[in-house]
Amino acid sequence: MTALGATMTLALAACSGDGGGSNTADDPIVIGISLPLTGDFSEPGKGVQRGYEAWAKITNDKGGLLGRKVELKILDDQSNADRVVADYEQLIGSDQVDLVVGPFSTRLVVPAARVAEEYGMLFVEPAGAAKEVFEQGFKNLFYAAPAVANDHYNHLADYLLALPPDQRPKTAAYAAMDDPFAQGTAYGLKEKLAAGGIRTVVDEVYPPNTTDFGSIAAKIAASRADLVVGGSQYQDGVNLIVALQQLQYQPKLAAFSTAPTNPEFAAAIGNKTEGILAPTGYTQKAPYPSNKEFVEKYTAQFGTPPEEDEANAYTTGQVVAAAVTAVGCAEQGACQQKLVDWVRSNTVETVVGPLSWDATGKPKGAHMIQQWVGGEIQIVLPADAKEADLIYPKPAW
């Protein structure tokens, strides 16, 4: 492995064109990317890579961008923040790629975005959702997903606060892992519900390595809270739910980030899933026009359907493609500011829905809300994407 990481140049499905020389149909539009293909973030990093590759192939099969094929130049940053800086310095400064897109994880997005900003490059990214990303003052960064963590539950908050007063939950219990994403998800909902008059009766934060949830579950059960919210990853969410079940605590509504969407979730909690909620930024069944094509062609290319990491990378490509097509250019220099200005002032239709951004690059939307209904997890909010009606209050588990 070289100091700058392993390089993979993916010239996918070249399309024909006339002429020669610079910026003709024979010259590819080269897009530079650094991804964590090894190290701590290698699994999601590879998912992001597949999403980018699917976007490039589908784009090239339709004739490319501006009549030119798309070529991805991917470097492995090995999940290292120093290396990701070197990678984008190489891609932009030495390799003179036409465009760049972002890596996976906030830890890598922030230093990568600084390099892109120094060079005046448009920087659309698929996986930097933490609050700190949008507090750096970046002018060229855009997060290609429906919402940051604090806004994942917006549709659920709106639904609950719109209920008649006699049906609305009165109290809520919160338990969140000490993790920016998990806490952001839970506390984003807490802030909105508290402002709407739903009183917090339990507020617990636990270390990431917590396995025994007996005491936290006991506090929640003793509070008899109408609503329980878990700011969870997977195993902690499962362990908390099992502990609550053992105490026969029956909330009117239960929402857990991430865990309920895991394929192993139902069996892990004894198949007592009915009514459990979770936010999601992507579903293979979403009705957005480009999503059906994405799912079909991604599955044909890779043999399995896409998940959220892949979809966010694909969405990143869609945003860049929309800007390039609208502005009519794709190269370093003055073109980049035109691309930035276009993205900032427009809405882009994507596989995760219509996206638009505020001045910090934060998306203005919210995640969809999924619920276990009839033995499967289905979209229940918002109304224009729902597959089933939201169940409230939830059945006993």
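The model is predicted, so local features need pLDDT of at least 70 and side-chain atom pairs count only at pLDDT 80 or more, while totals for chains, interfaces and linings use all residues. Residues are numbered from 1 along each chain as its sequence is written, and side-chain values use heavy atoms, with hydrogens and water left out.

**Domains and pocket**

The domain assignment gives domain 1 (29–147 + 286–355) and domain 2 (150–280 + 368–381); such bounds come from an automatic or database assignment. The C-alpha centres of domain 1 and domain 2 sit 32 Å apart.

Where does the largest pocket lie? Domain 1 and domain 2 both give residues to its lining, so the pocket lies between them. On a 1 Å grid over the protein atoms alone, a pocket is an open set of points with protein on both sides within 12 Å along at least five of seven lines, and lining residues have an atom within 4 Å of a point. The volume comes to about 1,400 Å³, taken as the space filled by probe spheres set on the points, which are joined across faces, edges and corners; the probe is 1.4 Å.

The lining of the largest pocket has 41 residues, and Thr258, Thr261, Thr280, Glu308 and Asp309 lie nearest the centre. By class there are 18 nonpolar, 16 polar and seven charged residues. Here Ala, Val, Leu, Ile, Met, Phe, Trp, Tyr, Cys and Pro count as nonpolar, Asp, Glu, Lys and Arg as charged, and the others, Gly among them, as polar. Helix H10 (308–327) brings the largest share of the lining, three residues. Helices (H or I, at least four residues) and strands (E, at least two) are DSSP runs numbered from the N terminus.

Strands count as paired if DSSP finds at least two bridges between them.

| Pair | Sense | Bridges |
|---|---|---|
| S9 (residues 227–231) and S10 | parallel | four |
| S10 and S11 (residues 276–280) | parallel | two |
| S11 and S14 (residues 368–373) | antiparallel | four |

Going residue by residue, glycine 230 has phenylalanine 256 of S10 as its bridge partner, alanine 254 stands opposite isoleucine 276 in S11, and leucine 277 faces glutamine 371 in S14. S9, helix H7 (residues 235–246) and S10 form a right-handed β-α-β unit; right-handed means that, with the strands pointing away from the viewer, the path from the first strand over the helix to the second runs clockwise.

In a regular strand the side chains alternate between the two faces of the sheet. S10 has Leu253 and Ala255 on one side and Ala254 and Phe256 on the other, all buried. Buried means under 20% relative accessible area, exposed over 50%, and partly exposed in between (1.4 Å probe, protein chains only). Five of the five residues of S11 are buried too, so S11 is largely enclosed by the rest of the structure.

Cis peptide bonds, with omega about 0°, join leucine 381 to proline 382 and tyrosine 392 to proline 393.
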